[in-house]
Amino acid sequence: MHKTVDVSVDAMLADLRTLVETESPSRDLHALTASAEAVAAVIESRLGGQAELIASDGGPHVHWSAGGEPKVLILGHHDTVFPLGTLERRPFTVEDGQATGPGVFDMLGGLVQAIHGLATLDDRSGVEILVTADEEVGSRSSRALIEERALACGAVLVCEGAAEGGALKTGRKGCGTFQVSVTGRASHAGLEPAAGVNALIEASHQVLDIAALGRPGIGTTVTPTVASAGTLDNVVPAEATVIVDVRVESADEKDRIEAAFAGLTPHLDEAEIAVQGAVSRPPMPESASAELFAVARRLLPGLEGTAVGGGSDGNFTAALGVPTLDGLGAVGGGAHADHEYLVIGAMAERANLVAGLVNARQNAEEKESLHDR
């Protein structure tokens, strides 16, 4: 069994300050480049070696390898949802047992904890770290790289923030966004209303049809979230759009929802409908985390696990059949909100948990290798 080692909370907070104060809003390539460089510098200063910056349309991803046969991938992201200037309004602060500031919980704190946890290991062979630049906006430029490294390593530890009360995330819903675009025909709302095809009315019909697709009893939620239509108050609207958030727990529901959106049909004569989108993050079944969660429970008795509605890059790795455990990052809350916070008192324990899981994975691989001989 892995023995816990003292880690310096002050050193972790110093590194966390560095990362938080290097703002990193998704899609801002200049800011993300600076952020990637800061992440690479922290990794190199604590673990040695060289962290590679991998350019992409979504910003630079950071990859570090300890060398040797790949055994475990530490997965995270350095982009945040907060626009430049948030730091000025909400600076990094350590007070009353909490660290606050943009990105402390989602998920810069988890990155720092994982790096410092790995630093306690004498043997880091087979360990890789991948910190992507576009998780908050769909991971389009990083998904292939994530999947490649996950398959190579054979186990994934995701350092997203913990669930409520510090629980690990043992399952996640699949999630996606759909856009339904309606085309009608404009006309004068007072002189010739019947000459038009009202895209807003058609969109209203579609919203009701779409909302009816949800099956909350089996974990499927279908939620229209944003709508727009019309140009002037005396013009029959010729165009309308509806954005829909979808969450599912099973591959069968993913298929059903995608087929239902593809099959949407107009209610009004001459109205046209176009649909874009998909359930882009497949569900992460709890079976994918069972093996690693059992190890985590041995390392930290009483640790809880829970399935959550939000998605992460762990959805991609779990869908490949790679053992994946999520929520290993910061204990805290307020992701994407102004009250985001990290519990300082849990940092050392979580750093040691990551180290213990890596150590267990290394030992398991060594035993399997000896058995194969």
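This is a predicted model: local features need pLDDT of at least 70, side-chain atom pairs count only at pLDDT 80 or more; totals for chains, interfaces and linings use all residues.
An open sheet is built from four strands, arranged in the order E4-E5-E16-E15 with antiparallel pairing. The edge positions are taken by strand E4 (93-95) and strand E15 (332-333); each has a single partner strand, so one side of each is left without a neighbour in the sheet. Between E4 and strand E5 (residues 98-100), which run antiparallel, there are three bridges. Within this pair, Val94 stands opposite Ala99 in E5. Helix H4 (residues 104-119) lies across E5, E15 and strand E16 (341-343), and the helix runs at about 40° to E16.

Helix H4 also takes part in the largest nonpolar core, which comprises 55 residues. The members that touch the most other members of this core are Leu16, Ile74, Ile129, Leu157, Leu325 and Val358. At least two residues each are supplied by helix H1 (9-20), helix H2 (29-47), strand E2 (61-65), strand E3 (72-77), H4, strand E6 (127-132), helix H8 (290-299) and helix H10 (347-372). The highest contribution comes from H4, which gives nine residues to this core. For Leu16, when neighbours within four places in sequence are left aside, the contacts are Phe92, Ala99, Val104, Leu108, Gly109, Val112 and Leu342. Ala99, one of these contacts of Leu16, is the residue of E5 that stands opposite Val94. Another core, of 17 residues, lies apart from the largest one; its members include Ala199, Leu213, Val244 and Val246.

The count of disulfides is zero. Cys153 is in no disulfide, and the nearest cysteine sulfur, that of Cys159, is 13 Å away. Cys153 counts as buried because its relative accessibility is 2%, the cut-off for this class being under 20%. Cys175 is likewise in no disulfide; for this residue the nearest cysteine sulfur, again that of Cys159, is 19 Å away. With 10% relative accessibility, Cys175 also counts as buried.

Asp245 is located in strand E11 (residues 239-248). A polar contact of 2.9 Å links the side chain of Asp245 to the side chain of Arg247. When residues up to four places away in sequence are not counted, Asp245 touches Gly176, Thr221, Val222, Thr223 and Thr225.

His188 is placed in the loop that lies between strand E9 (174-183) and helix H6 (199-211). Its relative accessibility is 35%, and His188 therefore counts as partly exposed. The side chain of His188 has a polar atom 2.9 Å from the backbone nitrogen of Gly190. A polar atom of this side chain also lies 3.0 Å from the backbone nitrogen of Leu191. Leaving aside neighbours within four places in sequence, the contacts of His188 are Pro193 and Asn234. Pro237 is 49 residues from His188 along the chain, and the C-alpha atoms of these two residues are separated by 9.5 Å.

Conventions: Residues are numbered from 1 along each chain as its sequence is written. Side-chain values use heavy atoms; hydrogens and water are left out. Buried means under 20% relative accessible area, exposed over 50%, partly exposed in between (1.4 Å probe, protein chains only). Contact means heavy atoms within 4.5 Å. A polar contact is a pair of N or O atoms within 3.5 Å; within protein, one must be able to donate a hydrogen and the other to accept it, and residues adjacent in sequence count only if both atoms are side-chain atoms. Two strands pair if DSSP finds at least two bridges between them. Axes are lines fitted to C-alpha atoms, for helices over the stretch in contact, and angles run from 0 to 180 degrees between N-to-C directions. A disulfide is a pair of cysteine sulfur atoms within 2.5 Å. A nonpolar core is a set of buried Ala, Val, Leu, Ile, Met, Phe, Trp, Tyr and Cys residues joined through side-chain atoms within 4.5 Å.
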